[in-house]
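Please examine the sequence and the structure shown below.

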Amino acid sequence: MSLWSEENHEGLMKIALKTKAKCFEGVSEFQKVEIVETEALGRALLLDGVWMTAEGDEKTYHEMISHPALTTAPRIKRVLIIGGGDGGTAREVLRHPEVECVDLVELDAMVVEACRKYLPSIGSAWGDPRLHVHIADGIRWVKNYQGAPYDVILVDGPDPIGPAEGLFARDFYESCAKALSPEGVFVTQSESPNMMRELHLKILAELKGCFKKVLPYYKGVVIYPGGEWSWTYASQSVDPMYINLERASRISKDTYIYNEMVHRGAFAVPNHIRKVLER
Ligand code: SPD
């Protein structure tokens with residue numbers, strides 16, 4: 001096999017990792033699913049040739065998509081994860097003892113099966129009885145949702161290509177806003193603020209049409225284009241700076257990067273984004 005596995009980002013940039021072996025390759029109804037063993041970051045998942053997660057790099061992403069919401073939402077009993085088929089986000093969410101029920105809605109069964117088998121350290125919470133995995137379309141799930149409101153919704157999807165495109169659309173954000181309790185918190189991964197700046201700004205603009213508070217936050221993720229990554233926090237009433245310190249300090253005992261100061265610092269918005277948001 002080739003000594004390198006690489007993502008070619010729009011013909012502009014390549015992100016390549018030296019590779020020892022291929023653990024899994026399959027083509028599902030939706031995409032090509034690969035798990036490779038890399039020299040630098042352990043096993044890693046690619047979907048359609050795009051890096052999704054790697055054992056040696058995943059903690060920053062999964063802690064940052066989860067804990068800012070989970071340490072600030074007033075209630076965190078009911079959580080919806082859309083995507084997240086590698087199990088890393090569910091693992092972080094389920095570390096909060098107040099969480100009673102997590103619905104994880106992943107489109108592609110092959111992703112869950114391959115990750116359960118080859119990336120067990122990322123998905124270490126699959127056996128938790130509070131976790132309910134649904135192989136289904138997350139966009140339809142929230143559109144048709146009639147159950148008890150969620151306290152937190154986390155969107156851990158890929159880039160907006162193919163079936164994932166709808167995860168970046170106004171309709172989807174509106175459905176999420178309706179499926180949340182009035183004091184609920186929504187977080188989505190919101191792409192690279194530098195290599196995908198226009199897309200990042202579009203996500204913020206669409207969310208602003210659906211939520212009263214919309215705040216992007218940032219941290220580095222080694223395997224994503226541009227190195228710097230973003231998530232966006234949205235709510236009708238909750239402010240991410242009002243941190244439940246008991247929850248934050250409890251969770252911080254075992255996190256890789258997350259703590260109260262990392263949380264606060266991540267919400268510092270670079271000027272080139274801030275200027276657009278203030279317009
Ligand atoms: N450019 C890739 C963005 C992928 C974001 N989601 C990753 C899933 C990790 N659980």
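The structure is a predicted model.

Helix α5 spans residues 170-179, and its buried residues are Phe-172, Tyr-173, Ser-175, Cys-176, Ala-177 and Ala-179. Here a residue counts as buried when its relative accessible area is under 20%. The elements against which the buried residues of α5 pack are the strands β6 (78-83), β9 (150-156) and β10 (180-189), together with the helices α4 (138-143) and α6.

Two packed helices are described by the angle between their axes and the distance between the axes. On the side of α6, the contact is made by Arg-197, His-200, Leu-201, Leu-204 and Lys-208, while α9 contributes His-272, Ile-273, Val-276 and Leu-277. These residues divide into 5 nonpolar, 2 polar and 2 charged.

Helix α7 comprises residues 245-252, of which Arg-247, Ala-248 and Ile-251 are buried. Why do they lie on the same side of α7? The reason is that they cover an arc of only 100° around the helix axis. Helix α1 (58-70) is included in what covers these buried residues of α7. At the start of α7, a side-chain oxygen of Asn-244 comes to within 3.2 Å of the backbone nitrogen of Glu-246.

Notes:
Residues are numbered from 1 along each chain as its sequence is written. This is a predicted model: local features need pLDDT of at least 70, side-chain atom pairs count only at pLDDT 80 or more; totals for chains, interfaces and linings use all residues. Side-chain values use heavy atoms; hydrogens and water are left out. Buried means under 20% relative accessible area, exposed over 50%, partly exposed in between (1.4 Å probe, protein chains only). Helices (H or I, at least four residues) and strands (E, at least two) are DSSP runs, numbered from the N terminus. The arc is that of the directions from the helix axis to the C-beta atoms. Contact means heavy atoms within 4.5 Å. A polar contact is a pair of N or O atoms within 3.5 Å; within protein, one must be able to donate a hydrogen and the other to accept it, and residues adjacent in sequence count only if both atoms are side-chain atoms. Ala, Val, Leu, Ile, Met, Phe, Trp, Tyr, Cys and Pro count as nonpolar, Asp, Glu, Lys and Arg as charged, and the others, Gly among them, as polar.
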